[in-house]
Amino acid sequence: MTKGGRKSRGVQSSETKLLPWRPFSDRPTGIWINETVALIKQTGQPELIKSLQRNPIPKDAKFWVLRHLITVDGTKRPDGDNCPCPVCTPNRFLTGSLVWYYELQFCAFIGNCCANDDVLAEAERERKWREKRDHEEDYLLAALPLVASKVTVLDSLKPVALEAVRAYRKIRNTLPQVHEQLRKMKQHHGGQMTLTEVIRDESQDNDDYFGPAGFKGRGKDGVETRDHTFGTFAGHIAVIRDYNPQKELETIHRSLMSVAANAYDQTALDFICGMDEKQRHAAVVILQDVEDSIVKFKARLQDLASFYSRENAEKFNRFFTHDLNSVYYRVEYTTTRGQPTLSFKKGASHYDLVRGSWAEKLEFDWPTK
Ligand SMILES: [Zn+2]
């Protein structure tokens, strides 16, 4: 493509005899950068600038961009060719970047052929970092002034959590078999109350058996079974092994204080300015986590409250009075002092699970603005 210009500087001569360059152990000054950019534009011949590295540069060498998108006037090129790129090939580009190789300690003018990906990647990293910082600062500016009123709300929820944990423990401690069986229904059947009837057990009967359609296939032990279902109960949280809303509340409180304890005596802005990047990021993560936790705290209490319903009582009654169930209880829905109550009865024994007024205090206002 080019003729004369390319023949004169062969690959071999550039390998045997190195052109001089100026070492830069530190990032060059703005003055030098401005002068060099001016010189590149003025002459159109960066390959003549002695302070730049003009010998071949390894492709994977790391650099920082000093000035991006410098365009050389093509009419100033001696043979109407393009500028040589020290990283790839001669006669390569008109728009490139002035860069500093901080490890190799020199500067060079390299083409977009070699600078562009890195430049874009670096600009993108920089943009993302700035965006994240701005987002975090904005978040904290909005969130920190609300901390005090959130702490007040948490304090007001303490008796609610205490009452709720008592209600939960009453279920678990008064009716441990019921609790355990319902927990199994939650774990194995997604809350669908299921009893399994054994229709035929071939381990005691060696005749060949061809069951009617609709029956479950034979198990590996030759056991034929059929499931009876009684509907899905509400309030799965009531049957987990250890539910502790008090502890949840304390954890939220502690998280809030860990971020804000030092923020009370200064403005949010001063507080944020005094943080380093790590502290700022950690504060945002903690405060966001608090928001998730309070939503979860409320949802779990609502779930527990939904356990004490007439629908549940009816389903439980069919389930626990069925012949196939080894645990027997009659279950009725009543009210005690105006509170929904599940009444479990067996013979002369009688156990009341009373919901409690805590369930009426779940629509608390959580400060958001
Ligand atoms: Zn290149």
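Trainee: Is Leu-69 buried or exposed?
Mentor: Keep in mind that this is a predicted model. Leu-69 has 12 other C-beta atoms within 10 Å, and exposed means 12 or fewer, so Leu-69 is exposed.

Trainee: Where does Leu-69 lie?
Mentor: In strand β1. Its phi is positive, about 55°, although Leu-69 is not a glycine. Most residues other than glycine have a negative phi.

Trainee: And what about the phi of Arg-337?
Mentor: Positive as well, at about 45°, and Arg-337 is not a glycine either. You'll find Arg-337 in the loop between β6 and β7. It counts as exposed because it has 8 C-beta neighbours inside 10 Å.

Trainee: OK, on to the sheet there. What's the order of the strands?
Mentor: β6-β7-β8, an open sheet of 3 strands with antiparallel pairing. β6 (330–336) and β8 (349–354) each have a single partner strand, so they stand at the edges and one side of each has no neighbour in the sheet. From one strand to the next, the twist averages 25°.

Trainee: How many bridges do β6 and β7 pair over?
Mentor: 7 bridges, in the antiparallel sense, with β7 covering residues 339–346. For instance, Glu-332 has Ser-343 in β7 as its bridge partner.

Trainee: Which helix lies across β6 and β7?
Mentor: That's α10, residues 310–320, and it runs at about 155° to β6.

Trainee: Switching to helix packing: at what angle do α5 and α7 pack?
Mentor: About 165°, and their axes are 8 Å apart. Angles over 145 degrees count as roughly antiparallel, so that is how α5 sits relative to α7. The crossing is left-handed.

Trainee: Which residues meet there?
Mentor: On the α5 side (residues 147–174), they include Val-151, Leu-154, Leu-157 and Ala-161. From α7 (residues 245–260), Leu-249, Ile-252 and Leu-256 are among them. By class, the contact has 13 nonpolar, 2 polar and 2 charged residues.

Trainee: Last one, Lys-62. Where is it found?
Mentor: In the loop between α3 (30–43) and β1 (64–71). Lys-62 counts as exposed because it has 12 C-beta neighbours inside 10 Å.

Trainee: What is Lys-62 in contact with, leaving aside neighbours within four places in sequence?
Mentor: Tyr-101, Tyr-102 and Glu-103. Lys-62 and Tyr-102 are 40 residues apart along the chain, and their C-alpha atoms are separated by 7.0 Å.

Methods
Residues are numbered from 1 along each chain as its sequence is written. This is a predicted model: local features need pLDDT of at least 70, side-chain atom pairs count only at pLDDT 80 or more; totals for chains, interfaces and linings use all residues. Two strands pair if DSSP finds at least two bridges between them. Helices (H or I, at least four residues) and strands (E, at least two) are DSSP runs, numbered from the N terminus. Axes are lines fitted to C-alpha atoms, for helices over the stretch in contact, and angles run from 0 to 180 degrees between N-to-C directions. Two residues are in contact if their C-beta atoms, placed from the backbone, lie within 7 Å. Angles under 35 degrees count as roughly parallel, over 145 as roughly antiparallel, 65 to 115 as roughly perpendicular and the rest as oblique. A crossing is left-handed if the near helix is turned anticlockwise from the far one by less than a right angle, and right-handed if clockwise. Ala, Val, Leu, Ile, Met, Phe, Trp, Tyr, Cys and Pro count as nonpolar, Asp, Glu, Lys and Arg as charged, and the others, Gly among them, as polar. A residue is buried if 20 or more other C-beta atoms lie within 10 Å of its own, exposed if 12 or fewer, and partly exposed in between; C-beta atoms are placed from the backbone.
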